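Q: I'm new to this one. Could you walk me through it, feature by feature?

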Amino acid sequence: MDVSRTKALPAAEEFAWARQRRADIRAAGGILDLVLPLREGGDGPALFCAPPLVGAGWCYLALLPHLGTAHPVYALQSRGLRRPEPLPVDMAELARDFADRITETRPDGPYHLFGWSLGGNMAHAIAEELEGRGHEVGSLVIGDATPGLPDNISVADDNVWLLCDFVLREFGYQPVVEPDDPDPVGRMLEVVRGRPGLGLHEWPDRRVRALPRIIRNNIAVAQRHRPGRVRAPVLFLAATRTEDTTAAKLASWADHVAGPVDVVEVDCRHEHMLLPEPVARFGAAISARLGARP
């Protein structure tokens with residue numbers, strides 16, 4: 001969930017990630033429903049995936065080759081993408097909303113949840129909400145997330161340029177917005193309109209403009225949130241090319257999980273966890289939690 005930017009040339013993984021994000025958008029058809037079926041059918045337990053910082057859940061298409069076909073897979077997606085509407089004021093509201101969508105989609109549990117990056121924080125909050133309603137959460141998969149967000153990730157007005165650069169990078173564009181740009185959102189739109197054929201070129205201006213707003217709100221919601229405690233068994237996915245050790249990441253969740261915790265480490269950076277090699281490493285572990293091998 002790194003919203004910082006570097007002037008260094010992109011690594012090979014960055015190019016691979018950009019290509020994959022563009023392919024995900026095409027494969028998902030740009031659908032922005034609050035619950036996006038990535039795979040339906042099958043009589044096994046379903047997996048619900050909470051969105052990362054950008055709000056769209058298309059990235060979870062990477063899981064499908066590694067999960068048994070008996071298991072439906074759904075991506076949850078942030079409000080405000082499809083149409084203008086109020087955004088959640090806190091994580092509790094967000095979790096209630098997503099829990100409502102999950103139980104409408106699948107009235108009976110147990111429920112299996114996965115979230116990568118900020119999606120891990122959301123998935124934990126959703127698990128807490130579902131358990132509070134008396135539902136069973138069969139498994140909670142946390143993808144390299146830690147409770148809360150550092151306070152130095154600012155959502156101030158003078159950081160809008162950084163959010164715009166994050167949007168560009170996440171959707172396969174080269175981030176080019178500068179801190180002194182008088183109209184960072186306009187510059188972001190200029191880049192999108194100047195590169196037809198990439199991820200956002202068919203989106204109306206309003207929808208592109210909504211992305212920094214949704215990201216800013218997701219950051220603020222996560223920074224204010226103080227997670228409770230869940231009983232569900234946890235599978236923690238840890239990227240090892242990060243400043244924090246796996247032990248430190250696990251320790252940060254100690255007060256917030258009561259059930260058993262299993263760990264799968266993947267040799268990658270946090271932002272590349274859904275590339276094919278890392279997903280192949282942990283996909284079988286998620287599939288096993290759902291009750292069947294692919």
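A: Helix 4 passes helix 5 in a right-handed crossing (right-handed if the near helix is turned clockwise from the far one by less than a right angle, left-handed if anticlockwise). Helices here are DSSP runs of H or I with at least four residues, strands are runs of E with at least two, and both are numbered from the N terminus. Keep in mind that this is a predicted model, where local features need pLDDT of at least 70, side-chain atom pairs count only at pLDDT 80 or more, and totals for chains, interfaces and linings use all residues. Residues are numbered from 1 along each chain as its sequence is written, and side-chain values use heavy atoms, with hydrogens and water left out.

Q: Which residues of helix 4 and helix 5 make the contact?

A: From helix 4 they are V160, W161, C164, V167 and L168, and from helix 5 they are P184, V185, M188, V191 and V192 (contact means heavy atoms within 4.5 Å). Sorted by class, that's ten nonpolar residues, no polar and no charged ones.

Q: How do I describe the way two helices pack?

A: Two packed helices are described by the angle between their axes and the distance between the axes. Here, helix 4 (residues 160-170) and helix 5 (residues 184-194) pack at about 20 degrees with axes 9 Å apart. The axes are lines fitted to C-alpha atoms over the stretch in contact, and angles run from 0 to 180 degrees between N-to-C directions. The two helices are therefore roughly parallel to each other (angles under 35 degrees count that way).

Q: And what about strands?

A: In a regular strand the side chains alternate between the two faces of the sheet. In this model, strand 4 and strand 5 pair in the parallel sense over six bridges (a pair needs at least two DSSP bridges).

Q: Is strand 5 enclosed or open?

A: Seven of the seven residues of strand 5 are buried, so this strand is largely enclosed by the rest of the structure (buried means under 20% relative accessible area, with a 1.4 Å probe and protein chains only).

Q: Which peptide bond is cis?

A: The one from G109 to P110, with omega near 0 degrees. P110 lies in the loop between helix 2 and strand 4.

How values were computed. Parallel < 35°, antiparallel > 145°, perpendicular 65-115°, else oblique. Nonpolar A, V, L, I, M, F, W, Y, C, P; charged D, E, K, R; others polar. Buried < 20%, exposed > 50% of the residue type's maximum accessible area, 1.4 Å probe, protein only.
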